[in-house]
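This report looks at ring pairs, strand pairing and helix packing in one model. Please keep the structure open while reading.

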Amino acid sequence: MPADLTLHQRRRDPTPAELASIPWLPVLLPAERERAVPQIKVGDALPGDYVCRVGRPVTYWFGVIEGLLKMSNDNEQGQSITFSGLPPGGWFGEGTVLKRESYRYNVQALRKSVVAGLPTDTFHWLLDHSIGFNRFVMNQLNERLGQFIAAREIDRMSNPDLRVARSLAALFNAVLFPGVGEVLRITQQELAYLVGLSRQRVNEALAALQEQGIIQVEYGGLRVLDLQALRTAMPAPRIKATAPQSATGSPTPA
């Protein structure tokens, strides 16, 4: 399919395997599923494609089938603030869909991704008719609130190792991102985009976490060995170099 088409123009019907990866479909009753499945569309997003843009009216509730997206916005100083990475299994924007308002954030593909969409009207029909779907959305909203509170805390952290650890832990949220499992397929550069640090600094933080036995860096991704430790990890104390002492006890000038 031509790459110059928009993501919306590239939409298609999902494959059976893609439908099987959608976490909320199993909670629907047969009649509800029969109503929802024909309405689901998927699009093959290329790196840099926008799934959502600030100010655009909401049309779909979106989810990630494959790949990696970034949810962000710009502050008053023109700096980009990342709210969340969006790995496989993650569905997002339910608050915007509920209120039928315009997007207040951008969602962009960091790599080639497959994105699914459920039309807004079908989303609201399921809310009106499906208890299982209501529970799923309520759990999403609850987890999302905790996620954004944590993101606010991460944004204020000055220690790079902590920023990387907490950001990684957020991507291993089994409720919001059930498609991740124990291994997150992500490059150090992609993680650097999400955390807001240089690739070199992210590499140093990952090495420190691996040395502590918290993660294992694998080809093309990261495996979490101790998720609780990742959520609560504290930076190893750094020994501060001191100037050698003179005979009088005063530091020797450098």
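The text below takes the aromatic rings, then the sheet, then the helices. The model is predicted.

**Aromatic rings**

A pair of rings is described by the distance of the centres and the angle of the planes. The count here comes to 11 aromatic pairs. Among them is the pair of Trp24 and Trp91, which is edge-to-face, at 5.4 Å centre to centre and 85° between the planes. This pair links distant parts of the chain, 67 residues apart. Trp24 lies in the loop between α1 (16–20) and α2 (30–36), while Trp91 belongs to strand β6 (residues 91–92).

Phe123 sits in helix α4 (residues 120–129) and Phe133 in helix α5 (residues 131–155). The two residues are 10 apart in the chain. Both Phe123 and Phe133 are buried.

Both pairs belong to a wider group. Ring pairs link Trp24, Trp61, Trp91, Phe123, Phe133 and Phe136 into a cluster.

Arg53 lies over the face of Tyr50, at 3.9 Å from the ring centre.

**The sheet**

Which strands form the open sheet, and in what order? Four strands do, in the order β2-β7-β4-β5, with antiparallel pairing. β2 (50–52) and β5 (80–86) stand at the edges. Each of these two has a single partner strand, so one side of each lacks a neighbour in the sheet. From one strand to the next, the twist averages 30°.

Strand β4 (residues 69–74) pairs with β5 in the antiparallel sense, over six bridges. Asn73 has Ile81 of β5 as its bridge partner.

Why is helix α7 (residues 188–195) described as largely enclosed by the rest of the structure? The reason is that six of its eight residues are buried. These are Gln188, Glu190, Leu191, Ala192, Leu194 and Val195. They pack against β4, β5, α6 (160–171), α8 (199–211) and β11 (221–224). Just after α7, Gly196 takes a positive phi of about 85°.

| Helix pair | Angle | Axis separation |
|---|---|---|
| α6 and α7 | about 100° | 10 Å |
| α6 and α8 | about 75° | 9 Å |

The angle with α7 makes α6 roughly perpendicular to that helix. In this contact, α6 supplies Arg163, Val164, Ser167, Leu168 and Leu171. The α7 side consists of Leu191, Leu194 and Val195. These three α7 residues are also buried.

The angle with α8 likewise makes α6 roughly perpendicular to α8. Here the α6 residues are Pro160, Asp161, Val164, Ala165 and Leu168. From α8 come Arg201, Val202, Ala205, Leu206, Ala208 and Leu209. Val164 and Leu168 of α6 take part in both contacts.

Conventions: Residues are numbered from 1 along each chain as its sequence is written. This is a predicted model: local features need pLDDT of at least 70, side-chain atom pairs count only at pLDDT 80 or more; totals for chains, interfaces and linings use all residues. Side-chain values use heavy atoms; hydrogens and water are left out. Rings of Phe, Tyr and Trp (its six-membered ring) pair if their centres lie within 6.5 Å; planes under 30 degrees apart count as stacked, over 60 as edge-to-face and the rest as tilted. Buried means under 20% relative accessible area, exposed over 50%, partly exposed in between (1.4 Å probe, protein chains only). A charge sits over a ring if NZ of Lys or CZ of Arg is within 6 Å of the ring centre and within 35 degrees of the ring normal. Two strands pair if DSSP finds at least two bridges between them. Axes are lines fitted to C-alpha atoms, for helices over the stretch in contact, and angles run from 0 to 180 degrees between N-to-C directions. Contact means heavy atoms within 4.5 Å. Angles under 35 degrees count as roughly parallel, over 145 as roughly antiparallel, 65 to 115 as roughly perpendicular and the rest as oblique.
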